[in-house]
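User: I'm new to this one and would like a close look at a single part. Could you pick a helix and walk me through how it sits among its surroundings?

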Amino acid sequence: MSKVMDYRRVAVLYGTTVGSRGVKIRRPDYNIGAKKHFEDHLAAGRCTHAEVRQVISAVLRNNQLRDEVANYLTATTKAIIVDEVFDANELDLDLVRLAASAGISTTVIGDPWQALYDFRGARPDLVPQLVKQEGFKPFPVAASFRFKTPDMIRVAEAARSERSVALDTINDPTGCDVVLAHKWDNIWSGPDCVLPLSFGRLDNQTDAAIALLLDRLVKGHFAHSAIYADEAAALLGLNPESLRADGAILASVLETLRPGTAHAASTAITELRQALRELGSPRQLRRMPEEGELVQRNRLLALARRMNQPHLVAGMTVHQAKGLEWPVVGVRLTAAESARLAAGLKQDRFDDRVLYVALTRASKRVVLC
């Protein structure tokens, strides 16, 4: 995490022109650097996703510019299809409203039971209002093409009907294709035969370094990257191509870790910091305060336990699994989540919708782990 600066450059709308201005930084954040870094990005025409949305939002509040956007869409766009509309935020829905009002053929698709992005500003409650105001013709979907067994149809119907859902419980999840949970910590605290694809958000450079170590292990078992691996490389100033070419360096750190002892974890984290220097990272990964070091050593020990398992199953959060499916899915629930499942899920509860999405990723069977 870089030193906090007094300013950073952002893209903003001045009348009808996009420009930049300084903004005070109140707390540390990713990639806050020197003035020159921001001016280099500005000169190259680069800005953040959030800034793009802020500019578009300002444009749509300006009647003259809003009309210009509508004219542009009608001149360039034949039809618009919006998937997962119940995860749309107010800006997303305003753009849909603009397109529909401009006479562009507009289709929105979604399931209110699968609205998971409230924390990103999603407004599922506004979708029925949009559908009514813009005169959308509804086409309800009466059946699922995912579920292949009567058991899965029963589970889905019970959940959507807000009835109690009973699942079989297994002690050995190696027969599952994936194990899901709401939070990463709940997967890491589970059976060692489950390898989670992330530790969660990257709060510092040591988090990023250990995410790259996890990525090496994930690639070896599942032939794809760990979640947030690219973000970890960017945070450490590393080229992903260089990481792939010099993967043996990280493999050596994993071998140091393999015994799974406290000494092995301490040695491995020191070697990991040295390995990143060898890989060309410009960041200086210094030792953290002891509390932080303990968290990282415990993560390494959790990795070591999984390195010595004969068979590993991928673990991920429900948010990462949304839109995907597997034949057999295991779910890890907290005591509170189990109670909610027994009581019956409610569509208007965010946590209940998370549970519903977890239950319905399976085509043949879902079980409790």
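Analyst: Let's go with helix H16, which covers residues 350-359; 8 of its 10 residues are buried, so H16 is largely enclosed by the rest of the structure. Keep in mind that you're looking at a predicted model. The buried residues of H16 are Asp352, Arg353, Val354, Leu355, Tyr356, Val357, Ala358 and Leu359.

What do those buried residues of H16 pack against? Part of the answer is helical: helix H6 (150-160), helix H14 (318-321) and helix H15 (335-343) are among the partners. Strands join in too, including S5 (178-181), S8 (326-331) and S9 (362-368).

For some context, here's another spot where helices meet. The axes of H8 (residues 205-222) and H11 (residues 247-257) come within 10 Å and cross at roughly 95°. Since angles of 65 to 115 degrees count as roughly perpendicular, that makes H8 roughly perpendicular to H11. On the H8 side, the contact is made by Leu212, Leu213, Arg216 and Leu217, while H11 brings Gly247, Ala248, Leu250, Ala251, Val253 and Leu254. Sorted by type, the residues of this contact come out as 8 nonpolar, 1 polar and 1 charged.

Arg66 has a relative accessible area of 18%, so it counts as buried, the cut-off being under 20%. Setting aside neighbours within four places in sequence, Arg66 touches Val59, Leu60, Asp94 and Leu98.

Terms used. Residues are numbered from 1 along each chain as its sequence is written. This is a predicted model: local features need pLDDT of at least 70, side-chain atom pairs count only at pLDDT 80 or more; totals for chains, interfaces and linings use all residues. Side-chain values use heavy atoms; hydrogens and water are left out. Axes are lines fitted to C-alpha atoms, for helices over the stretch in contact, and angles run from 0 to 180 degrees between N-to-C directions. Helices (H or I, at least four residues) and strands (E, at least two) are DSSP runs, numbered from the N terminus. Angles under 35 degrees count as roughly parallel, over 145 as roughly antiparallel, 65 to 115 as roughly perpendicular and the rest as oblique. Contact means heavy atoms within 4.5 Å. Ala, Val, Leu, Ile, Met, Phe, Trp, Tyr, Cys and Pro count as nonpolar, Asp, Glu, Lys and Arg as charged, and the others, Gly among them, as polar. Buried means under 20% relative accessible area, exposed over 50%, partly exposed in between (1.4 Å probe, protein chains only).
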